[in-house]
Amino acid sequence: MSGNTDSTVRLIAWVQGEVQGVGFRWWTRSRALELGLVGQARNLSDGRVAVTAEGDRAACDRLLDLLRGGDTPGRVTSVSEQWAEPSGAFSGFVEA
């Protein structure tokens, strides 16, 4: 991520398992706000939740760890991730 000197990143995580209809997006939003991140958590038609978070790399890493941890609502079976440059399009963290 050349040219990114302030360690601000974009994390996109796709969370699979029993994660819809169990408060997972609300829980994710709460954790992201506690970590000072902006972005969104949204349900996908295939049953996954897509989480997009922007902010400090360490905070995004922590959110990813929390998504993979055993204390989420529902049951997470896998999390895949992608890292990118932040877009700056978010001003808060929402359940979309």
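Q: What is the handedness of the crossing of α1 and α2?
A: In this predicted model, the crossing of α1 and α2 is right-handed. The term right-handed applies if the near helix is turned clockwise from the far one by less than a right angle.

Q: Why are α1 and α2 called roughly antiparallel to each other?
A: The axes of α1 (residues 24-34) and α2 (residues 57-68) cross at roughly 150°. Angles over 145 degrees count as roughly antiparallel, and α1 and α2 are therefore described as roughly antiparallel to each other. Their axes come within 10 Å.

Q: Which residues in α1 and α2 meet?
A: From α1, the residues are F24, W27, T28, R31 and A32, and they meet L63, L66 and L67 in α2. The residues of this contact divide into six nonpolar, one polar and one charged.

Q: Which residues of α1 are buried, and what covers them?
A: F24, W27, T28, S30, R31 and A32 are the buried residues of α1; buried means under 20% relative accessible area. Their cover includes β1 (8-18), β2 (38-43), β3 (49-56), α2, β4 (75-84) and β5 (93-95).

Q: Why is G74 called partly exposed?
A: G74 has a relative accessible area of 44%. Buried means under 20% and exposed means over 50%, with partly exposed in between, so G74 is partly exposed.

Q: Where does G74 lie, and what does G74 touch?
A: G74 lies in the loop between α2 and β4. Not counting residues up to four places away in sequence, G74 touches E18 and V22. The C-alpha atoms of G74 and G17 are separated by 7.7 Å, although these residues are 57 residues apart along the chain.

Terms used. Residues numbered from 1 in each chain as written. Predicted model: local features only at pLDDT ≥ 70, side-chain atom pairs only at ≥ 80, totals over all residues. Heavy atoms only, no water. Axes fitted to C-alpha atoms, helices over the stretch in contact; angles between N-to-C directions. Helix = DSSP H or I, 4+ residues; strand = E, 2+ residues; numbered from the N terminus. Parallel < 35°, antiparallel > 145°, perpendicular 65-115°, else oblique. Contact = heavy atoms within 4.5 Å. Nonpolar A, V, L, I, M, F, W, Y, C, P; charged D, E, K, R; others polar. Buried < 20%, exposed > 50% of the residue type's maximum accessible area, 1.4 Å probe, protein only.
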